[in-house]
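Please look over the sequence and the structure before reading the notes. The points below are grouped by topic.

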Amino acid sequence: MGSNSKVFGAAQGSRAAQSRLESRGTISGRNCAPRVTTISRAPGRKNAAAAAIAALLCGPFAPGPSAAQADPSDLDVGQRTAELLAEMIRIPSVNPPGGEAAVAERIAAELAGAGLETRVFMTPREQPSDPARGAVWSRLPGRGDARPLILLSHLDVVPATAEEWEIPPFAGRIEDGWVHGRGALDAKGVTAVHVGALLELAGRPEPPARDIILLATPDEETGGQEGAEYIIRQFPELLGEAEFLLTEGGSIRPARSAREDIIAVPSMWGVTVTEKGPCWLELTTRGPAGHGSAPRANAAVPRLIEALDRVRRVETPIRVLDEVASMFRALAPNAPEEDRAGFASLAESLASNPSFRRRFLSNPGYNALVRNTLSITVLEGGSSTNVVPSLAKARLDVRLLPGERCETFVSSLAAVIADPAVEIKILLTFPSRSSPSDTRLFEAIERVAQRDDPGALVVPRMIGGFTDAHWFRDQGIVAYGFVPRWLSRGDSQGVHGIDERVSIANLQRGVLTLLAIVDELEALTPSGEAASGPDQTAPDDAGGKNGL
(Lines give C-alpha, C1' and ligand atoms only; values in the text may rest on other atoms or scores of the structure.)
Protein backbone atom coordinates (compact mmCIF):
# COMPACT_ATOMS: atom_id res chain seq x y z
CA MET A 1 0.00 0.00 0.00
CA GLY A 2 1.18 3.53 -0.61
CA SER A 3 1.95 5.54 2.51
CA ASN A 4 0.44 8.60 0.86
CA SER A 5 -3.02 7.08 0.91
CA LYS A 6 -3.74 6.85 4.64
CA VAL A 7 -6.95 8.73 5.35
CA PHE A 8 -9.00 8.85 8.50
CA GLY A 9 -12.53 9.71 9.62
CA ALA A 10 -14.89 8.84 12.45
CA ALA A 11 -18.47 8.84 13.57
CA GLN A 12 -19.83 12.24 14.49
CA GLY A 13 -21.52 10.78 17.55
CA SER A 14 -18.25 9.87 19.30
CA ARG A 15 -16.80 12.77 21.36
CA ALA A 16 -13.28 11.34 21.33
CA ALA A 17 -13.46 10.55 17.65
CA GLN A 18 -14.84 14.00 16.86
CA SER A 19 -12.03 15.64 18.80
CA ARG A 20 -9.56 13.55 16.84
CA LEU A 21 -11.08 14.73 13.57
CA GLU A 22 -10.99 18.39 14.58
CA SER A 23 -7.32 18.09 15.50
CA ARG A 24 -6.64 16.90 11.95
CA GLY A 25 -8.31 19.83 10.27
CA THR A 26 -11.78 18.49 9.43
CA ILE A 27 -13.83 20.75 7.21
CA SER A 28 -17.26 20.99 8.80
CA GLY A 29 -19.21 21.91 5.69
CA ARG A 30 -21.34 24.46 7.56
CA ASN A 31 -21.23 26.89 4.64
CA CYS A 32 -22.13 24.46 1.89
CA ALA A 33 -24.40 21.45 1.50
CA PRO A 34 -24.57 18.52 1.60
CA ARG A 35 -22.54 17.87 4.74
CA VAL A 36 -19.90 15.25 4.02
CA THR A 37 -16.47 14.98 5.58
CA THR A 38 -13.38 13.50 3.99
CA ILE A 39 -10.15 13.61 6.00
CA SER A 40 -6.63 12.97 4.76
CA ARG A 41 -3.27 12.99 6.49
CA ALA A 42 -1.30 12.05 3.39
CA PRO A 43 2.31 13.20 3.94
CA GLY A 44 3.24 16.19 1.81
CA ARG A 45 -0.25 16.51 0.35
CA LYS A 46 -2.00 18.84 2.79
CA ASN A 47 -2.92 21.44 0.22
CA ALA A 48 -4.17 18.90 -2.30
CA ALA A 49 -6.16 17.11 0.38
CA ALA A 50 -7.77 20.33 1.59
CA ALA A 51 -8.69 21.28 -1.97
CA ALA A 52 -10.16 17.84 -2.56
CA ILE A 53 -12.22 18.06 0.62
CA ALA A 54 -13.50 21.50 -0.26
CA ALA A 55 -14.43 20.30 -3.73
CA LEU A 56 -16.15 17.27 -2.25
CA LEU A 57 -18.19 19.38 0.13
CA CYS A 58 -19.15 22.21 -2.21
CA GLY A 59 -18.65 21.03 -5.75
CA PRO A 60 -19.28 17.65 -7.33
CA PHE A 61 -22.65 16.74 -5.86
CA ALA A 62 -24.78 18.09 -8.69
CA PRO A 63 -27.07 15.34 -10.03
CA GLY A 64 -25.71 13.30 -12.94
CA PRO A 65 -27.40 13.53 -16.35
CA SER A 66 -29.90 10.76 -15.76
CA ALA A 67 -30.88 12.01 -12.31
CA ALA A 68 -31.45 15.54 -13.63
CA GLN A 69 -33.99 14.41 -16.20
CA ALA A 70 -36.75 14.14 -13.62
CA ASP A 71 -37.60 15.52 -10.23
CA PRO A 72 -36.82 12.67 -7.81
CA SER A 73 -40.17 13.23 -6.12
CA ASP A 74 -41.83 12.28 -9.39
CA LEU A 75 -40.07 8.93 -9.58
CA ASP A 76 -41.15 5.80 -7.71
CA VAL A 77 -38.77 3.93 -5.43
CA GLY A 78 -37.70 1.47 -8.13
CA GLN A 79 -36.97 4.14 -10.73
CA ARG A 80 -35.03 6.32 -8.29
CA THR A 81 -32.98 3.33 -7.20
CA ALA A 82 -32.36 2.34 -10.81
CA GLU A 83 -31.19 5.85 -11.72
CA LEU A 84 -28.72 5.88 -8.84
CA LEU A 85 -27.46 2.41 -9.72
CA ALA A 86 -26.95 3.37 -13.36
CA GLU A 87 -24.83 6.35 -12.27
CA MET A 88 -22.78 4.15 -9.96
CA ILE A 89 -22.11 1.65 -12.77
CA ARG A 90 -20.82 4.48 -14.96
CA ILE A 91 -18.19 5.39 -12.35
CA PRO A 92 -15.16 3.08 -12.84
CA SER A 93 -14.23 0.98 -9.80
CA VAL A 94 -12.73 -2.22 -11.21
CA ASN A 95 -10.54 -3.92 -8.62
CA PRO A 96 -7.64 -3.84 -9.12
CA PRO A 97 -6.86 -0.98 -8.87
CA GLY A 98 -10.19 0.17 -7.40
CA GLY A 99 -11.08 3.84 -7.67
CA GLU A 100 -14.11 3.42 -5.39
CA ALA A 101 -13.78 6.89 -3.83
CA ALA A 102 -15.70 8.52 -6.68
CA VAL A 103 -18.59 6.08 -6.19
CA ALA A 104 -18.52 6.73 -2.44
CA GLU A 105 -18.77 10.48 -3.09
CA ARG A 106 -21.80 10.03 -5.35
CA ILE A 107 -23.59 7.96 -2.69
CA ALA A 108 -22.62 10.47 -0.01
CA ALA A 109 -24.25 13.22 -2.05
CA GLU A 110 -27.51 11.28 -2.13
CA LEU A 111 -27.52 10.61 1.61
CA ALA A 112 -26.19 13.94 2.87
CA GLY A 113 -28.67 15.69 0.60
CA ALA A 114 -31.41 14.03 2.63
CA GLY A 115 -29.92 15.39 5.85
CA LEU A 116 -28.29 12.13 6.96
CA GLU A 117 -25.04 12.12 8.88
CA THR A 118 -22.62 10.95 6.19
CA ARG A 119 -18.88 10.54 5.82
CA VAL A 120 -16.49 9.47 3.07
CA PHE A 121 -13.30 7.69 4.19
CA MET A 122 -10.31 7.37 1.92
CA THR A 123 -8.63 3.98 2.26
CA PRO A 124 -5.18 2.63 1.30
CA ARG A 125 -4.25 2.01 -2.32
CA GLU A 126 -1.54 -0.23 -3.71
CA GLN A 127 0.36 2.41 -5.71
CA PRO A 128 0.43 6.21 -5.35
CA SER A 129 -0.64 6.48 -9.00
CA ASP A 130 -3.75 4.32 -8.46
CA PRO A 131 -7.13 6.06 -8.40
CA ALA A 132 -8.40 7.07 -4.97
CA ARG A 133 -10.11 4.40 -2.92
CA GLY A 134 -12.76 5.06 -0.33
CA ALA A 135 -15.79 3.98 1.67
CA VAL A 136 -19.00 5.78 2.56
CA TRP A 137 -20.64 5.61 5.98
CA SER A 138 -24.01 7.06 6.95
CA ARG A 139 -26.22 6.81 10.01
CA LEU A 140 -29.91 7.31 10.62
CA PRO A 141 -30.25 7.83 14.40
CA GLY A 142 -32.85 5.68 16.13
CA ARG A 143 -34.57 5.89 19.50
CA GLY A 144 -31.90 3.82 21.20
CA ASP A 145 -34.23 0.93 22.07
CA ALA A 146 -31.74 -1.58 20.62
CA ARG A 147 -28.24 -1.77 19.19
CA PRO A 148 -27.76 -0.74 15.54
CA LEU A 149 -28.37 -2.64 12.31
CA ILE A 150 -25.65 -2.27 9.66
CA LEU A 151 -26.44 -2.44 5.93
CA LEU A 152 -23.13 -3.49 4.34
CA SER A 153 -22.17 -3.58 0.66
CA HIS A 154 -19.07 -3.02 -1.46
CA LEU A 155 -18.25 -0.57 -4.25
CA ASP A 156 -15.55 -2.42 -6.19
CA VAL A 157 -16.35 -4.69 -9.13
CA VAL A 158 -14.52 -7.38 -11.08
CA PRO A 159 -13.21 -6.70 -14.61
CA ALA A 160 -15.39 -7.06 -17.70
CA THR A 161 -14.44 -7.40 -21.37
CA ALA A 162 -16.70 -5.09 -23.36
CA GLU A 163 -16.54 -7.19 -26.54
CA GLU A 164 -18.26 -10.09 -24.76
CA TRP A 165 -21.27 -8.05 -23.60
CA GLU A 166 -24.41 -7.20 -25.55
CA ILE A 167 -24.56 -3.82 -23.78
CA PRO A 168 -21.23 -2.19 -22.75
CA PRO A 169 -20.54 -3.22 -19.14
CA PHE A 170 -19.85 0.29 -17.86
CA ALA A 171 -22.48 2.22 -19.81
CA GLY A 172 -24.99 2.01 -16.96
CA ARG A 173 -27.84 1.73 -19.43
CA ILE A 174 -31.48 1.41 -18.36
CA GLU A 175 -33.37 -0.46 -21.05
CA ASP A 176 -36.61 -2.47 -21.19
CA GLY A 177 -37.07 -2.36 -17.43
CA TRP A 178 -33.52 -3.49 -16.59
CA VAL A 179 -30.33 -1.81 -15.36
CA HIS A 180 -27.40 -3.27 -17.29
CA GLY A 181 -23.75 -3.27 -16.31
CA ARG A 182 -20.97 -4.60 -14.15
CA GLY A 183 -22.00 -4.34 -10.52
CA ALA A 184 -25.76 -4.38 -11.16
CA LEU A 185 -25.91 -7.44 -8.89
CA ASP A 186 -22.44 -7.61 -7.31
CA ALA A 187 -22.64 -5.34 -5.50
CA LYS A 188 -23.49 -1.79 -6.54
CA GLY A 189 -27.07 -2.99 -6.87
CA VAL A 190 -26.97 -4.00 -3.21
CA THR A 191 -25.67 -0.54 -2.29
CA ALA A 192 -28.45 1.11 -4.30
CA VAL A 193 -31.12 -0.92 -2.47
CA HIS A 194 -29.56 -0.05 0.90
CA VAL A 195 -29.45 3.65 -0.01
CA GLY A 196 -33.06 3.53 -1.18
CA ALA A 197 -34.18 1.91 2.07
CA LEU A 198 -32.25 4.38 4.24
CA LEU A 199 -33.72 7.34 2.36
CA GLU A 200 -37.24 5.96 2.82
CA LEU A 201 -36.63 5.45 6.56
CA ALA A 202 -35.21 8.97 6.85
CA GLY A 203 -38.40 10.37 5.31
CA ARG A 204 -40.63 8.87 7.99
CA PRO A 205 -41.98 11.12 10.74
CA GLU A 206 -40.71 8.86 13.55
CA PRO A 207 -37.19 7.47 14.02
CA PRO A 208 -36.63 3.69 14.02
CA ALA A 209 -36.07 1.75 17.22
CA ARG A 210 -32.35 1.40 16.55
CA ASP A 211 -29.72 3.28 14.56
CA ILE A 212 -29.53 2.14 10.95
CA ILE A 213 -25.97 2.37 9.61
CA LEU A 214 -25.04 2.17 5.94
CA LEU A 215 -21.49 1.14 5.11
CA ALA A 216 -20.27 0.66 1.52
CA THR A 217 -16.61 -0.35 1.29
CA PRO A 218 -13.85 -0.89 -1.27
CA ASP A 219 -11.69 -3.95 -1.90
CA GLU A 220 -14.15 -6.77 -1.18
CA GLU A 221 -13.37 -8.57 -4.43
CA THR A 222 -9.72 -9.07 -3.45
CA GLY A 223 -10.25 -9.93 0.22
CA GLY A 224 -11.32 -6.74 1.98
CA GLN A 225 -8.11 -6.04 3.89
CA GLU A 226 -7.95 -2.50 2.50
CA GLY A 227 -11.70 -2.01 2.86
CA ALA A 228 -13.89 -3.50 5.57
CA GLU A 229 -11.00 -4.84 7.63
CA TYR A 230 -9.15 -1.51 7.45
CA ILE A 231 -12.18 0.47 8.60
CA ILE A 232 -12.92 -1.94 11.46
CA ARG A 233 -9.30 -1.80 12.59
CA GLN A 234 -8.97 1.98 12.38
CA PHE A 235 -12.46 3.09 13.39
CA PRO A 236 -14.35 0.47 15.42
CA GLU A 237 -16.56 3.25 16.80
CA LEU A 238 -18.24 3.49 13.40
CA LEU A 239 -19.91 0.13 14.04
CA GLY A 240 -21.79 1.63 16.98
CA GLU A 241 -21.68 -1.69 18.91
CA ALA A 242 -24.09 -3.04 16.30
CA GLU A 243 -26.17 -6.13 16.99
CA PHE A 244 -27.04 -7.13 13.42
CA LEU A 245 -25.71 -6.78 9.88
CA LEU A 246 -27.19 -7.54 6.46
CA THR A 247 -25.02 -7.87 3.36
CA GLU A 248 -24.70 -9.77 0.08
CA GLY A 249 -24.47 -13.56 -0.09
CA GLY A 250 -28.12 -14.65 -0.06
CA SER A 251 -31.20 -13.88 -2.11
CA ILE A 252 -34.55 -15.37 -3.07
CA ARG A 253 -34.97 -18.16 -5.60
CA PRO A 254 -38.32 -17.60 -7.32
CA ALA A 255 -41.09 -20.15 -7.09
CA ARG A 256 -41.49 -22.58 -9.99
CA SER A 257 -44.89 -23.64 -11.26
CA ALA A 258 -45.67 -27.27 -11.96
CA ARG A 259 -45.14 -28.42 -15.53
CA GLU A 260 -45.01 -31.79 -17.26
CA ASP A 261 -42.71 -34.07 -15.26
CA ILE A 262 -41.69 -31.11 -13.05
CA ILE A 263 -43.20 -30.55 -9.62
CA ALA A 264 -44.03 -27.09 -8.30
CA VAL A 265 -41.32 -25.55 -6.12
CA PRO A 266 -41.97 -22.71 -3.65
CA SER A 267 -39.65 -19.72 -3.50
CA MET A 268 -36.65 -20.11 -1.22
CA TRP A 269 -35.32 -17.26 0.87
CA GLY A 270 -31.68 -18.24 1.39
CA VAL A 271 -30.14 -16.50 4.40
CA THR A 272 -26.40 -17.09 4.59
CA VAL A 273 -25.17 -17.69 8.13
CA THR A 274 -21.68 -18.94 7.29
CA GLU A 275 -19.27 -19.10 4.36
CA LYS A 276 -16.30 -21.10 3.19
CA GLY A 277 -12.96 -19.49 3.90
CA PRO A 278 -10.36 -18.61 1.27
CA CYS A 279 -6.96 -20.25 1.09
CA TRP A 280 -5.45 -18.57 -1.96
CA LEU A 281 -2.10 -20.07 -2.88
CA GLU A 282 0.77 -19.34 -5.24
CA LEU A 283 2.99 -22.15 -6.52
CA THR A 284 6.45 -21.19 -7.82
CA THR A 285 9.07 -23.29 -9.62
CA ARG A 286 12.56 -22.27 -10.71
CA GLY A 287 15.02 -23.70 -13.20
CA PRO A 288 17.83 -22.79 -15.57
CA ALA A 289 16.96 -20.34 -18.32
CA GLY A 290 18.07 -20.98 -21.87
CA HIS A 291 17.20 -21.27 -25.52
CA GLY A 292 13.99 -23.08 -26.43
CA SER A 293 15.86 -25.27 -28.93
CA ALA A 294 17.63 -27.07 -26.07
CA PRO A 295 15.01 -28.43 -23.61
CA ARG A 296 15.99 -29.03 -20.01
CA ALA A 297 14.34 -31.68 -17.85
CA ASN A 298 14.52 -29.50 -14.74
CA ALA A 299 13.11 -26.35 -16.36
CA ALA A 300 10.63 -24.28 -14.37
CA VAL A 301 7.56 -24.68 -16.62
CA PRO A 302 7.61 -28.52 -16.96
CA ARG A 303 8.20 -28.82 -13.23
CA LEU A 304 5.18 -26.61 -12.51
CA ILE A 305 3.01 -28.58 -14.95
CA GLU A 306 3.95 -31.82 -13.19
CA ALA A 307 2.96 -30.34 -9.84
CA LEU A 308 -0.33 -28.99 -11.19
CA ASP A 309 -1.18 -32.35 -12.72
CA ARG A 310 -1.00 -33.86 -9.24
CA VAL A 311 -2.95 -30.95 -7.77
CA ARG A 312 -5.84 -31.26 -10.23
CA ARG A 313 -6.31 -34.94 -9.30
CA VAL A 314 -6.82 -34.18 -5.60
CA GLU A 315 -10.15 -35.42 -4.25
CA THR A 316 -10.95 -33.91 -0.89
CA PRO A 317 -13.06 -35.77 1.70
CA ILE A 318 -16.78 -35.15 2.20
CA ARG A 319 -17.96 -33.35 5.35
CA VAL A 320 -21.56 -32.23 5.82
CA LEU A 321 -22.01 -29.25 8.14
CA ASP A 322 -25.16 -28.86 10.21
CA GLU A 323 -26.13 -25.73 8.24
CA VAL A 324 -25.80 -27.60 4.95
CA ALA A 325 -27.74 -30.62 6.24
CA SER A 326 -30.53 -28.32 7.45
CA MET A 327 -30.72 -26.55 4.10
CA PHE A 328 -31.10 -29.77 2.14
CA ARG A 329 -33.64 -31.15 4.61
CA ALA A 330 -35.75 -28.07 3.92
CA LEU A 331 -35.36 -28.60 0.17
CA ALA A 332 -36.13 -32.34 0.29
CA PRO A 333 -39.94 -32.20 -0.16
CA ASN A 334 -39.52 -30.31 -3.44
CA ALA A 335 -36.48 -32.19 -4.75
CA PRO A 336 -36.66 -34.63 -7.67
CA GLU A 337 -38.27 -37.83 -6.44
CA GLU A 338 -35.10 -39.90 -6.68
CA ASP A 339 -33.20 -37.36 -4.49
CA ARG A 340 -35.73 -36.62 -1.75
CA ALA A 341 -34.49 -39.26 0.68
CA GLY A 342 -30.89 -38.27 0.00
CA PHE A 343 -31.58 -34.58 0.67
CA ALA A 344 -33.46 -35.47 3.87
CA SER A 345 -30.47 -37.39 5.23
CA LEU A 346 -27.55 -35.91 3.36
CA ALA A 347 -24.51 -37.13 5.28
CA GLU A 348 -25.76 -40.70 5.52
CA SER A 349 -26.84 -40.82 1.86
CA LEU A 350 -23.53 -39.46 0.57
CA ALA A 351 -21.75 -42.14 2.57
CA SER A 352 -23.97 -45.10 1.69
CA ASN A 353 -25.78 -44.43 -1.61
CA PRO A 354 -23.34 -44.40 -4.57
CA SER A 355 -26.01 -43.42 -7.09
CA PHE A 356 -27.17 -40.42 -5.06
CA ARG A 357 -23.59 -39.47 -4.27
CA ARG A 358 -22.72 -39.43 -7.97
CA ARG A 359 -25.73 -37.27 -8.87
CA PHE A 360 -25.19 -34.88 -5.96
CA LEU A 361 -21.47 -34.33 -6.49
CA SER A 362 -21.91 -33.84 -10.25
CA ASN A 363 -23.59 -30.51 -9.40
CA PRO A 364 -20.63 -28.09 -8.90
CA GLY A 365 -22.61 -25.91 -6.50
CA TYR A 366 -23.66 -28.84 -4.31
CA ASN A 367 -20.19 -30.37 -4.44
CA ALA A 368 -18.65 -27.14 -3.13
CA LEU A 369 -20.89 -27.20 -0.05
CA VAL A 370 -19.66 -30.53 1.30
CA ARG A 371 -15.90 -30.46 0.73
CA ASN A 372 -12.85 -28.27 0.35
CA THR A 373 -12.49 -27.22 -3.29
CA LEU A 374 -9.49 -26.26 -5.41
CA SER A 375 -9.35 -24.41 -8.73
CA ILE A 376 -6.24 -23.62 -10.79
CA THR A 377 -6.91 -20.04 -11.89
CA VAL A 378 -3.67 -18.32 -12.98
CA LEU A 379 -0.62 -19.51 -14.93
CA GLU A 380 2.54 -17.47 -15.53
CA GLY A 381 5.59 -18.55 -17.48
CA GLY A 382 7.73 -17.15 -20.23
CA SER A 383 6.78 -14.44 -22.70
CA SER A 384 8.79 -15.63 -25.73
CA THR A 385 8.30 -18.90 -27.62
CA ASN A 386 12.04 -19.53 -28.03
CA VAL A 387 13.11 -18.72 -24.46
CA VAL A 388 13.01 -21.17 -21.55
CA PRO A 389 12.06 -19.05 -18.51
CA SER A 390 13.78 -19.41 -15.17
CA LEU A 391 10.55 -18.89 -13.25
CA ALA A 392 6.99 -20.22 -13.48
CA LYS A 393 4.00 -19.52 -11.24
CA ALA A 394 0.44 -20.70 -10.74
CA ARG A 395 -2.29 -19.50 -8.44
CA LEU A 396 -4.88 -21.71 -6.79
CA ASP A 397 -8.26 -20.64 -5.43
CA VAL A 398 -8.83 -23.02 -2.53
CA ARG A 399 -12.04 -22.68 -0.50
CA LEU A 400 -12.14 -24.37 2.90
CA LEU A 401 -15.12 -25.49 4.95
CA PRO A 402 -15.61 -23.73 8.30
CA GLY A 403 -13.17 -25.05 10.88
CA GLU A 404 -10.42 -25.86 8.39
CA ARG A 405 -6.93 -24.30 8.53
CA CYS A 406 -5.12 -23.14 5.42
CA GLU A 407 -1.73 -24.07 6.87
CA THR A 408 -2.82 -27.67 7.40
CA PHE A 409 -4.25 -27.84 3.88
CA VAL A 410 -0.94 -26.54 2.47
CA SER A 411 0.98 -29.26 4.33
CA SER A 412 -1.30 -31.92 2.83
CA LEU A 413 -0.99 -30.36 -0.62
CA ALA A 414 2.82 -30.31 -0.38
CA ALA A 415 2.72 -34.03 0.39
CA VAL A 416 0.63 -34.63 -2.73
CA ILE A 417 2.97 -32.57 -4.94
CA ALA A 418 5.94 -34.43 -3.44
CA ASP A 419 8.52 -32.02 -4.84
CA PRO A 420 10.37 -29.83 -2.32
CA ALA A 421 11.48 -27.55 -5.15
CA VAL A 422 7.87 -26.37 -5.61
CA GLU A 423 7.38 -23.34 -3.36
CA ILE A 424 3.90 -22.83 -1.90
CA LYS A 425 2.97 -19.37 -0.62
CA ILE A 426 -0.28 -18.40 1.10
CA LEU A 427 -1.66 -15.23 -0.50
CA LEU A 428 -4.90 -14.85 1.46
CA THR A 429 -6.59 -16.73 4.25
CA PHE A 430 -8.85 -16.10 7.21
CA PRO A 431 -11.03 -18.34 9.39
CA SER A 432 -14.70 -18.84 8.68
CA ARG A 433 -17.23 -18.06 11.40
CA SER A 434 -20.95 -18.65 11.74
CA SER A 435 -23.88 -16.58 12.97
CA PRO A 436 -26.80 -18.20 14.81
CA SER A 437 -30.19 -18.38 13.11
CA ASP A 438 -32.26 -18.21 16.31
CA THR A 439 -32.32 -14.39 16.39
CA ARG A 440 -34.92 -11.66 16.06
CA LEU A 441 -33.50 -10.60 12.70
CA PHE A 442 -33.90 -14.10 11.28
CA GLU A 443 -37.42 -14.23 12.72
CA ALA A 444 -38.18 -10.87 11.12
CA ILE A 445 -37.12 -12.24 7.72
CA GLU A 446 -39.32 -15.30 8.29
CA ARG A 447 -42.31 -13.14 9.17
CA VAL A 448 -41.97 -11.01 6.06
CA ALA A 449 -41.60 -14.11 3.90
CA GLN A 450 -44.70 -15.72 5.40
CA ARG A 451 -46.76 -12.56 4.92
CA ASP A 452 -45.57 -11.40 1.50
CA ASP A 453 -44.52 -14.68 -0.13
CA PRO A 454 -46.88 -17.37 1.23
CA GLY A 455 -45.44 -20.87 1.13
CA ALA A 456 -41.85 -19.62 0.84
CA LEU A 457 -39.06 -21.55 2.53
CA VAL A 458 -36.68 -19.50 4.69
CA VAL A 459 -33.45 -21.47 4.90
CA PRO A 460 -30.20 -20.75 6.81
CA ARG A 461 -27.40 -21.66 4.47
CA MET A 462 -23.70 -21.74 3.74
CA ILE A 463 -22.22 -20.38 0.52
CA GLY A 464 -19.14 -21.60 -1.29
CA GLY A 465 -17.71 -18.10 -1.73
CA PHE A 466 -16.92 -15.45 0.86
CA THR A 467 -18.01 -11.88 1.54
CA ASP A 468 -16.94 -9.16 3.96
CA ALA A 469 -19.38 -10.52 6.56
CA HIS A 470 -16.65 -12.50 8.32
CA TRP A 471 -14.82 -9.31 9.36
CA PHE A 472 -17.94 -8.27 11.29
CA ARG A 473 -18.65 -11.73 12.71
CA ASP A 474 -15.15 -11.44 14.18
CA GLN A 475 -16.46 -8.43 16.14
CA GLY A 476 -19.35 -10.45 17.58
CA ILE A 477 -21.98 -9.00 15.23
CA VAL A 478 -24.69 -11.36 13.93
CA ALA A 479 -24.14 -11.06 10.17
CA TYR A 480 -26.45 -12.51 7.53
CA GLY A 481 -25.93 -12.63 3.81
CA PHE A 482 -29.35 -11.67 2.50
CA VAL A 483 -30.56 -9.17 -0.08
CA PRO A 484 -34.30 -9.36 -0.86
CA ARG A 485 -34.18 -9.83 -4.62
CA TRP A 486 -35.70 -12.59 -6.69
CA LEU A 487 -33.01 -14.14 -8.91
CA SER A 488 -33.37 -17.09 -11.25
CA ARG A 489 -30.38 -19.24 -12.07
CA GLY A 490 -30.02 -17.34 -15.33
CA ASP A 491 -30.04 -13.98 -13.54
CA SER A 492 -27.35 -15.13 -11.12
CA GLN A 493 -25.00 -16.11 -13.94
CA GLY A 494 -24.31 -12.42 -14.49
CA VAL A 495 -22.39 -12.27 -11.21
CA HIS A 496 -18.73 -12.20 -12.32
CA GLY A 497 -20.07 -13.23 -15.75
CA ILE A 498 -21.25 -11.39 -18.84
CA ASP A 499 -24.41 -9.30 -19.35
CA GLU A 500 -24.94 -8.67 -15.65
CA ARG A 501 -28.24 -6.90 -15.02
CA VAL A 502 -31.05 -6.39 -12.50
CA SER A 503 -34.67 -5.45 -13.12
CA ILE A 504 -36.16 -2.20 -11.88
CA ALA A 505 -39.01 -4.25 -10.41
CA ASN A 506 -36.46 -6.24 -8.40
CA LEU A 507 -34.83 -3.06 -7.11
CA GLN A 508 -38.17 -1.65 -6.00
CA ARG A 509 -39.26 -4.88 -4.39
CA GLY A 510 -35.86 -5.12 -2.71
CA VAL A 511 -36.17 -1.70 -1.09
CA LEU A 512 -39.75 -2.31 0.06
CA THR A 513 -38.97 -5.79 1.42
CA LEU A 514 -35.91 -4.51 3.28
CA LEU A 515 -38.11 -1.83 4.85
CA ALA A 516 -40.59 -4.52 5.87
CA ILE A 517 -37.80 -6.52 7.52
CA VAL A 518 -36.65 -3.45 9.46
CA ASP A 519 -40.25 -2.86 10.58
CA GLU A 520 -40.70 -6.48 11.69
CA LEU A 521 -37.41 -6.36 13.57
CA GLU A 522 -38.68 -3.26 15.36
CA ALA A 523 -41.94 -5.01 16.21
CA LEU A 524 -39.94 -7.85 17.79
CA THR A 525 -37.75 -5.50 19.83
CA PRO A 526 -39.01 -4.52 23.30
CA SER A 527 -38.58 -0.84 24.08
CA GLY A 528 -35.44 0.11 25.97
CA GLU A 529 -33.63 -3.18 25.47
CA ALA A 530 -30.34 -1.78 24.13
CA ALA A 531 -27.44 -3.84 25.44
CA SER A 532 -23.88 -2.83 26.23
CA GLY A 533 -22.25 -4.52 23.27
CA PRO A 534 -21.83 -7.69 21.25
CA ASP A 535 -20.36 -10.91 22.55
CA GLN A 536 -17.38 -12.23 20.68
CA THR A 537 -18.13 -15.12 18.35
CA ALA A 538 -15.73 -18.05 18.55
CA PRO A 539 -14.43 -19.57 15.31
CA ASP A 540 -16.03 -22.78 14.15
CA ASP A 541 -14.19 -25.93 15.14
CA ALA A 542 -14.26 -28.94 12.88
CA GLY A 543 -12.26 -31.12 15.22
CA GLY A 544 -9.10 -30.89 13.15
CA LYS A 545 -10.52 -32.46 9.99
CA ASN A 546 -8.70 -30.14 7.66
CA GLY A 547 -6.51 -32.22 5.39
CA LEU A 548 -7.01 -33.15 1.76
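Histidine 496 is partly exposed, because its relative accessible area is 46% and the partly exposed class lies between under 20% (buried) and over 50% (exposed). The model described here is predicted. The chain has 548 residues, of which 51% are buried.

**Positive phi angles**
- Histidine 496 has a phi of about 65°, a positive value although the residue is not a glycine.
- The loop that holds histidine 496 runs between helix H17 (489-492) and strand S19 (501-503).
- Glutamate 241, also not a glycine, has a positive phi near 55°.
- Glutamate 241 sits in the loop between helix H7 (228-234) and strand S8 (244-247).
- With a relative accessible area of 45%, glutamate 241 is partly exposed.

**Cis peptide bonds**
- Asparagine 95 and proline 96 are joined by a cis peptide bond with omega of about 0°.
- A cis bond also leads from proline 96 to proline 97, and its omega is near 5°.
- Proline 96 is in the loop between helix H4 (77-90) and helix H5 (101-112), and proline 97 lies in the loop between H4 and H5.

**Surface charge**
- A patch of positive charge on the surface is formed by Arg253, Arg256, Arg259 and Arg489.
- Arginine 253 belongs to strand S9 (residues 252-253) and is partly exposed at 34% relative accessibility.

**The whole chain**
- The chain contains 18 helices and 19 strands.
- Of the contacts between residues at least 6 apart in sequence, 78% link residues at least 24 apart.
- The accessible surface is about 23800 Å², and carbon and sulfur atoms account for 50% of this surface.

Key: Residues numbered from 1 in each chain as written. Predicted model: local features only at pLDDT ≥ 70, side-chain atom pairs only at ≥ 80, totals over all residues. Heavy atoms only, no water. Helix = DSSP H or I, 4+ residues; strand = E, 2+ residues; numbered from the N terminus. Buried < 20%, exposed > 50% of the residue type's maximum accessible area, 1.4 Å probe, protein only. Contact = heavy atoms within 4.5 Å. Areas by Shrake-Rupley, 256 points an atom, 1.4 Å probe, with all protein chains shown as cover. Patch = residues over 30% accessible without salt bridge, like charges linked within 9 Å, V, L, I, M, F, W, Y side chains within 5 Å. Salt bridge = Lys/Arg side-chain N within 4 Å of Asp/Glu carboxyl O. Lys, Arg positive; Asp, Glu negative; His and termini not counted. Charge placed at Lys NZ, Arg CZ, Asp CG, Glu CD.
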